[in-house]
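Hi everyone, thanks for coming.

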Amino acid sequence: MSPSLNDTILIWTLRGFAVIAGAIALLIVVFLILEALPVLRQVGLWRFFTDASWNPAEELYNLTPMLWGTLLAMAGSVLIATPLGVLSAVFCQYYAPPRISSLYRRLIELLAGIPSVVYGFWGLVVLVPLIGRLHPPGTSLLAGIAILTIMILPTIALTADASFAKVPPDYLRGAAALGLSRWATVRGVVFPAAKSGLFTGLILETGRAIGETMAILMVCGNVVQTPKSLFDPMRTLTANIALEMAYATGNHRSALFVSGLVLMGIIVALVAAAEVLKPSA
Amino acid sequence: MSESSFSTASNRQFSTWLVWAIALFVTTIFLWILSDIIWHGARQLNWEFLTTAPRSAGRKGGIAPIIVSTALILGVCMAVSVPVGVGTAVLLAEFTDTENQFGRLVRRSLDVLAGVPSIVFGLFGNAFFCKTLGLGFSILSGGLTLACMVLPILIRSTEEGFRAVPSHYRLSAAALGISRTTTLWQLLLPAAVPGLVVGLVLGVGRAIAETAALIFTSGYVDRMPESLLDSGRALSIHIFDLSMNVSGGDANAYASALVLLVLLLLINGTAAWMAEHWLHRRITPS
Amino acid sequence: MENRRSLILAFVGLTAGWGLQACTKPPQAATSTNQLQGKLVLTGSSTVAPLASEIGKRFEAEHRGVRVDVQSGGSSRGITDARKELANIGMVSRSLKADEKDLQAFTIARDGVSIILHQDNPVQSLTDQQVVEIYTGKIKNWKEVKGKDAPITVVNKAEGRSTLELFIHYFKLKNSDIKAQVVIGDNEQGIKTVAGNPNSIGYVSIGTAEHDASNGVPIKLLPVSGIAATTENVQNGKFPISRPLNLVTKTTPQGLDKAFIEFARSPQVQDIVKEQNFVPLSQ
């Protein structure tokens, strides 16, 4: 196929766009590094994991408890939201009558757009007192996981739904011809065929879970400690930045950017792991 | 074949029961939240609320300037992210092999971008768009920052959309001697629209729900914006201020949340309708 | 196709029309013949932001060529932006510290900080010593201060907040000594946390708490050293924990800055200050 002028222009335009898209993450990392340098030069990275506690006013910068908070909240919510979301999509595509299915889909699309503050507000006013009655204080890792699950569920549900819709109808007809039940078809035929879409949804929802700030800020208690039970209040790295950035100067401010870098580190590690584990297309 | 474990009657009943139960559970939780918003917010909702400016720090009056600011921010976000996003997705899906270095770099970079916390986007947007590019607190800064946030979602979903287009479309087009550009515009893009629409819906949902990123970029000013370089308060920030910072602002916070949801319904509905009738051309599969 | 296109155009047209209609301000009665022009940018404390924003609107109504833009971001931002002249005026919700004396502060209102409990908590007052012991974790159960037999949920503010600094300054504590179960950011978050937990104790701005309590939120304000926590007592100076809300500038304000600061301190805006639940300066 001879490359026409049109095609060449197109390809270079597209490459330009891709470069822009790819460069943003790089810019952000550079920005974080620049802002974090002052305290890193003065205090060094090691102290961010070994100091006595997180108390920047007294020059103590241990991030580990908050790191645990972030990781636990993320893991908990992804573990719960993924099956719920995927099965919701299965419901939408294969079990529900068409009218209910489109209503359900609208509902989930709506939920993808509710602001994190509204989720946080609801969590603070409804969920936290509920949990508090079980075990004070109510603001806890559990509340965080619950709210995060609700927030990331639309992402995985909608992505899964879209990828199920793309499974070639021949596959389904073939399965029906073989006499497979609905569930067997879903489990044995649809899931493998939709692998790559499901994986996309997983990545997107994990990203959201790590990056969520406002809602977590309102329901997790924000106490800097490694949570030892589901009912312990804890603080995530993101909530920490949001809470203290407004009032931080000098080394404190730089230290907050270091925690931002640590977050980026986690994400890069997860992306690398995903690269290794990724199902081949 | 272990068919028996797949298709016993009780197994079938259990799986059906499980799926319906989950759908019901999810629906209940969401209806709980939605009904809370509707219950508390519907009382304040009237024409005056939608067309006047806020008074007394938002406790009284309406949210007209805020709706306009939000619409403008969303507009900027979509105007920037859709071309860049779809373009990148097309490149990744159609013009690069899976082993291509450039393509892999861009993909990894986008995965990382998908995980960046909203507050880091806010700080970055503030430093890059507001200060380095000199846009200051403005709707433009806010929209551009949101575009950065939304790109990974848009690109990923659109790419999936392209992957789902059967390969014989491309082969047939090549056999007919159609240029790649034409193939793209006339055949592939229309066929990949479902993926694009999902990406758009998720992206708009994310953008409209964003708070932390906008506080530092499009700002706090609740006046009616007169240009894209004016600072404008977005709905999500207004809701945040009313519920967390201003005493007695709860009622209007709920009402604003309700308006936001209606706006979202409209946008999603329009996107889906456009996909159905205008852009998606179903070519008979062979 | 034609039908759809015209439909879309109609929709866009309607939206634009609605937008423009909402844009049109009702004609203002000509008040002042002041020739002030220009844009004023204020950044800083999120506590002062709503107040400054409302004062700004009234200022704009009296001086048609002026725009007052208020951004939040925290008291520290107010200080840094005023210093670097990134903003015309900084908003700070406390008095200036020793190392901030290169700036000039102009108080526009006062605010008090009070301890709040849930309405259903039988405890009516606490001595300063008891508060200290509760916050440092030495007293863990309400029954030790003649309340119910229930563990105390201590609500503290995030580090760096002006309310926190006022609190620890008065009770002579260090933030690292405080053992809290919940840490909050803004005042309303604190109020909602205490309202949702009958066994909690927290401290917030008096004006905000007073307003919410009188509007049915289930909290109550505790007296400090026997003095009731009311905005009245903050105004007449009796209440011991209070802070000024300040506008700060780097150099002596001139022109537009000066006019605005004077306006913000004048009796003309006392009603706005009261409406935002702060204490106006006693003239």
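Let's begin with a term: a salt bridge here is a side-chain nitrogen of Lys or Arg within 4 Å of a carboxyl oxygen of Asp or Glu. In general, side chains of opposite charge can pair when their charged atoms come close. On screen, try to find Glu226(B) and Arg67(C): they form a salt bridge, with their closest N and O atoms 3.6 Å apart.

Some housekeeping. This is a predicted model, where local features need pLDDT of at least 70 and side-chain atom pairs count only at pLDDT 80 or more, while totals for chains, interfaces and linings use all residues. Residues are numbered from 1 along each chain as its sequence is written, chains are lettered from A and ligands numbered from 1 in the order in which they are written, and side-chain values use heavy atoms, with hydrogens and water left out.

Okay, back to that pair. Where chain C meets chain B, the rule finds 7 salt bridges. There are also 19 residue pairs in polar contact across that interface, both residues at pLDDT 80 or more. A polar contact is a pair of N or O atoms within 3.5 Å; within protein, one must be able to donate a hydrogen and the other to accept it, and residues adjacent in sequence count only if both atoms are side-chain atoms.

Which parts of chain C give two or more residues to the side that touches chain B? They are helix 1 (2-23), helix 2 (48-62), strand 2 (65-71), helix 6 (187-196) and helix 7 (206-214). Helix 1 of chain C gives the most, with 8 residues. By the way, helices (H or I, at least four residues) and strands (E, at least two) are DSSP runs, numbered from the N terminus. By class, this side of chain C has 10 nonpolar, 12 polar and 13 charged residues. Here Ala, Val, Leu, Ile, Met, Phe, Trp, Tyr, Cys and Pro count as nonpolar, Asp, Glu, Lys and Arg as charged, and the others, Gly among them, as polar.

In terms of contact, meaning heavy atoms within 4.5 Å, this interface takes 35 residues from chain C and 37 from chain B. Chain C and chain B bury about 3000 Å² between them, 52% of it on carbon and sulfur atoms. Buried area is the accessible area (1.4 Å probe) that two parts lose on being put together, summed over both.

Now for chain A against chain B. Those two bury about 7800 Å² between them, and 80% of that is on carbon and sulfur atoms. Leu110(A), Phe121(A) and Trp122(A) supply 8% of the area that chain A buries there, more than any other three residues. The contact takes 84 residues from chain A and 88 from chain B.

How many salt bridges does the rule find across this interface? The count between chain A and chain B is 0. Polar contacts come to 7 residue pairs, both residues at pLDDT 80 or more. Helix 1 (residues 5-43) of chain A gives the most to the side touching chain B, with 17 residues. That side of chain A divides into 60 nonpolar, 16 polar and 8 charged residues.

Over all chains, the search finds 31 salt bridges. One of them joins Arg163(B) and Glu159(B), at 2.8 Å from N to O. Because these two are 4 residues apart in helix 7 (residues 139-163) of chain B, about one helical turn separates them.

A cavity, on a 1 Å grid over the protein atoms alone, is a set of points where a 1.4 Å probe fits but cannot get out, and lining residues have an atom within 4 Å of a point. Grid points are joined across faces, edges and corners, and a volume is the space filled by probe spheres set on the points.

The count is 15 cavities of 30 Å³ or more. Of its 26 lining residues, Ala242(A), Ala246(A), Ile215(B), Phe240(B) and Asp186(C) are the closest to its centre. Helix 12 of chain B gives the largest share of that lining, 4 residues. By class, the lining has 15 nonpolar, 8 polar and 3 charged residues.

The second largest cavity has a volume of about 120 Å³. Among the residues lining it are Met151(A), Arg208(A), Ile153(B) and Arg206(B). Helix 6 of chain A gives the most to this lining, with 3 residues.

Conventions:
On a 1 Å grid over the protein atoms alone, a cavity is a set of points where a 1.4 Å probe fits but cannot get out, and a pocket is an open set with protein on both sides within 12 Å along at least five of seven lines; lining residues have an atom within 4 Å of a point.
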